[in-house]
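Please look over the model shown here alongside the points below.

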Amino acid sequence: MTLIKSVIDWIDVRVGIREIAEKELTGYLLPRNINAWYSMGSILLFAFALQVVTGMLLLIYYVPDAEKAFKSVTAIMNDVPYGWLIRMLHAVGSNMMVLVLLLHMISVLFMGSYKKPRELNWVTGFILLSMIQGISLTGYLLPWSQLSFWATTVATNSANAIPVLGPYLVEFLRGSPLVGPPTLGRFFALHVAVIPAGIAAMIAAHLFFLKRTGVSTPPFGQQDTLNQWRGESYTHENHPGGIPFFPDFALEDLRSIAIYMAIFLAVVFFDPYLFFPKDAFIPANAFVTPAHIKPEWYFLANYQTLKIFPNELIGLSLQGAAMTFLALLPFIDRGRERHPLKRPLFMICSVGGLLLWIGLSIWGHLS
Ligand code: HEM
């Protein structure tokens, strides 16, 4: 014990570590009525870190070559010790991360935490959502299975609906007129380097804004800083008499991460192929089109919207409009009230929007 204390003392003299710990951990106070929804962000940080680690391990054996990719993934599953576990953690983990991402978004929506002065928390979050969609789409191609090949063909094809630029965009995305080896090269670069670096930078910005504005006070129950509406000068939202981040809320975060891991590992061990349609086990073949090619569950609503309209441009424009509306929400919904039950218009639109998204996804799954 004295040795640990001497080491800490030695570092403290040079870095002032006790002062930092006091300011950022034990003295960093959160709202007294904070709830478990505020742990979703920490679960996401943990889930992203796990994706990075498992992704790096997969890189040791994965070969980004159209001739060898499928075989390398099969070898990871069958021959490499614990390769199946690493691959399942990565593939199932991506689905679980999207699920938590949606819950995080829903919670900040219903608690109105996107409102002034947290518009930039929301905008950086929205960019993160788009980048997570991009990293999933590019990752889907890498195993070079029938599912990878045809899902990417369908997804990139939808850009064709854009007037004039469409065909050029499709060829730019694919690196050739059809999905082929050049597509694998660029999707690989995007998936393992470009997008992860972008996500890391955007997470840093997201956390910077969180620290600058201070955590929002939940609009339920006892409130320490009642729905603050500040003027134009910058103020940090403090929570005097609140809960210390460490050890109190850090332990709550840990509990939430443990529950997340329990559910995640239950899928990995008891239903590992939950997110794998059978075409994921057949090598890519440009000459055989499978009967039913569907995207991942969180793209099913987009897929179904494109199918409903005979003109793809209408479907694509509607999706673009919905995404733009969501991205700009804090600038459109500017009322100061944050309690969901006191925002009837918001409740009707958000619950209606959610039900529409779920309905379209189920329709897309069954169609
Ligand atoms: C990789 C993705 C993401 C990570 C790692 C992440 C991380 C976090 C963390 C750690 C917090 C603080 C604790 C909490 O409230 O949960 C937070 C807050 C917040 N996030 Fe995210 N987030 C992500 C995506 C998103 C998305 C997609 C949105 C919405 C479009 C979003 C909007 C917000 C907002 C508005 C806050 C402020 C909440 C408050 O102060 O009460 N985030 N995020």
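1. The crossing of H5 and H14 is left-handed (the near helix is turned anticlockwise from the far one by less than a right angle; clockwise would be right-handed). Helices here are DSSP runs of H or I with at least four residues, numbered from the N terminus. On the H5 side the contact (heavy atoms within 4.5 Å) is made by Leu102, Ile106, Leu109 and Phe110, and on the H14 side by Phe346, Met347, Ser350, Val351, Leu354 and Trp357. By class these residues are nine nonpolar, one polar and no charged (Ala, Val, Leu, Ile, Met, Phe, Trp, Tyr, Cys and Pro count as nonpolar, Asp, Glu, Lys and Arg as charged, the others, Gly among them, as polar).

2. H5 covers residues 83-110 and H14 residues 344-366; their axes are 11 Å apart, at an angle of about 165°. Axes are lines fitted to C-alpha atoms over the stretch in contact, and angles run from 0 to 180 degrees between N-to-C directions. The angle makes H5 roughly antiparallel to H14 (over 145 degrees; under 35 is roughly parallel, 65 to 115 roughly perpendicular, the rest oblique).

3. This is a predicted model, in which local features need pLDDT of at least 70 and side-chain atom pairs pLDDT 80 or more, while totals for chains, interfaces and linings use all residues. Residues are numbered from 1 along each chain as its sequence is written, and side-chain values use heavy atoms, with hydrogens and water left out.

4. His104 (NE2) and His206 (NE2) coordinate the iron atom of the ligand at 2.0 to 2.2 Å. His104 belongs to helix H5 and His206 to helix H9 (residues 181-213), so the pair ties together parts 102 residues apart in sequence. Donors are N, O and S atoms within 2.8 Å of the metal (3.2 Å for Na, K and Ca); water is not among the atoms, so sites may look incomplete.

5. The six donor atoms around the iron atom subtend angles of 86 to 179°, which makes the arrangement octahedral (six donors, opposite ones over 155 degrees apart and all others between 65 and 115).

6. Helix H1 (residues 2-15) and helix H2 (residues 17-26) cross at roughly 85°, their axes coming within 7 Å. That makes H1 roughly perpendicular to H2. Ile8, Asp9, Ile11, Asp12 and Val15 in H1 meet Ile17, Arg18 and Ile20 in H2. This contact has five nonpolar, no polar and three charged residues.

Methods:
Helix = DSSP H or I, 4+ residues; strand = E, 2+ residues; numbered from the N terminus. Tetrahedral: all angles 85-135°; square planar, octahedral: opposite > 155°, others 65-115°.
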